[in-house]
Amino acid sequence: MESKEISVAKSLLDIKAVLLNPEKPFVWASGWLSPIYCDNRRILSYPEIRENIARLMAEIIRRKYPEVDVIAGVATGAIAHGMLVAYFLGKPFIYVRPKPKDHGTGSQIEGILEKGAKVVVVEDLISTGKSSLSAVDALNKEAAEVLGMVAIFSYNFNQARRAFEVADVELTTLTNYDTLIDVACSTGYIKDSDMELLKEWRFSPSTWGKTE
């Protein structure tokens with residue numbers, strides 16, 4: 001029986017959520033250049049995969065955080081996934097904006113969040129961890145108790161691991177970069193010759209592709 005990590009990685013590859021373009025690298029919001037891009041928004045167009053991923057996340061939360069009161073999605077990529085997870089768990093849902101809105105109530109957190117509520121954060125993807133942990137900070141400022149975070153995919157960067165350790169936030173992911181490229185290579189999604197490049201990028205993503 002294949003592992004959850006491999007099964008989810010295969011699903012992402014099946015729906016072409018993983019794009020590879022070494023010749024014309026993708027530019028992330030952080031300014032990093034990347035030969036690979038994981039677009040988990042594509043999951044939303046595939047009902048069976050979308051439901052399976054949400055159920056897997058709900059199972060993790062049910063097992064690890066049975067005391068959870070509220071599910072929080074990180075805008076915008078994890079709003080839909082977080083709502084599905086909250087539905088399967090029968091829990092209230094809120095979402096966290098990157099920053100307070102500049103109109104109306106000026107809220108950063110949308111939905112009802114009681115002081116002291118126990119919250120699990122749902123993310124679609126972890127890269128540097130900056131935006132994900134910013135959402136945790138916003139919840140902490142509202143006196144919520146963040147129990148942990150569950151995400152679909154992580155690039156497993158050392159920078160992100162350190163950031164989560166410093167913030168004392170437990171992170172659980174369905175699959176990760178190492179599993180993804182192993183499955184991609186074994187299924188012919190990427191060529192053997194691409195593996196060296198992908199490993200090189202993974203070792204130093206902040207400087208990869210940049211000239212002096």
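This is a predicted model: local features need pLDDT of at least 70, side-chain atom pairs count only at pLDDT 80 or more; totals for chains, interfaces and linings use all residues.
Begin by selecting the strands of the open sheet, which has six strands in the order 7-6-5-8-9-10 and mixed pairing. The edges are strand 7 (109-110) and strand 10 (171-176), each of which pairs on one side only.

Next, select strand 5 (residues 70-74) together with strand 8 (residues 118-126); these two run in the parallel sense and are joined over four bridges. Within this pair, display Gly73, which stands opposite Val122 in strand 8.

Select Ser132, which lies in helix 4 (residues 130-141). Is Ser132 buried or exposed? Its relative accessibility is 2%, and because buried means under 20%, Ser132 counts as buried. To see its surroundings, display Glu123, Leu125, Ile126, Met149 and Phe164, with which Ser132 is in contact when neighbours within four places in sequence are left aside.

**Helix 2.** Move on to helix 2 (residues 47-64), whose 18 residues should span 26 Å at 1.5 Å a residue. The end C-alpha atoms of helix 2 are 26 Å apart, which agrees with that expectation.

Finally, colour the buried residues of helix 2: Ile49, Ile53, Ala54, Leu56, Met57, Ala58, Ile60 and Ile61. What do the buried residues of helix 2 pack against? Their partners are helix 1 (4-14), strand 5, helix 3 (79-89), strand 8, strand 9 and strand 10.

Conventions:
Residues are numbered from 1 along each chain as its sequence is written. Side-chain values use heavy atoms; hydrogens and water are left out. Buried means under 20% relative accessible area, exposed over 50%, partly exposed in between (1.4 Å probe, protein chains only). Contact means heavy atoms within 4.5 Å. Two strands pair if DSSP finds at least two bridges between them. The expected span of a helix is 1.5 Å times one less than its number of residues.
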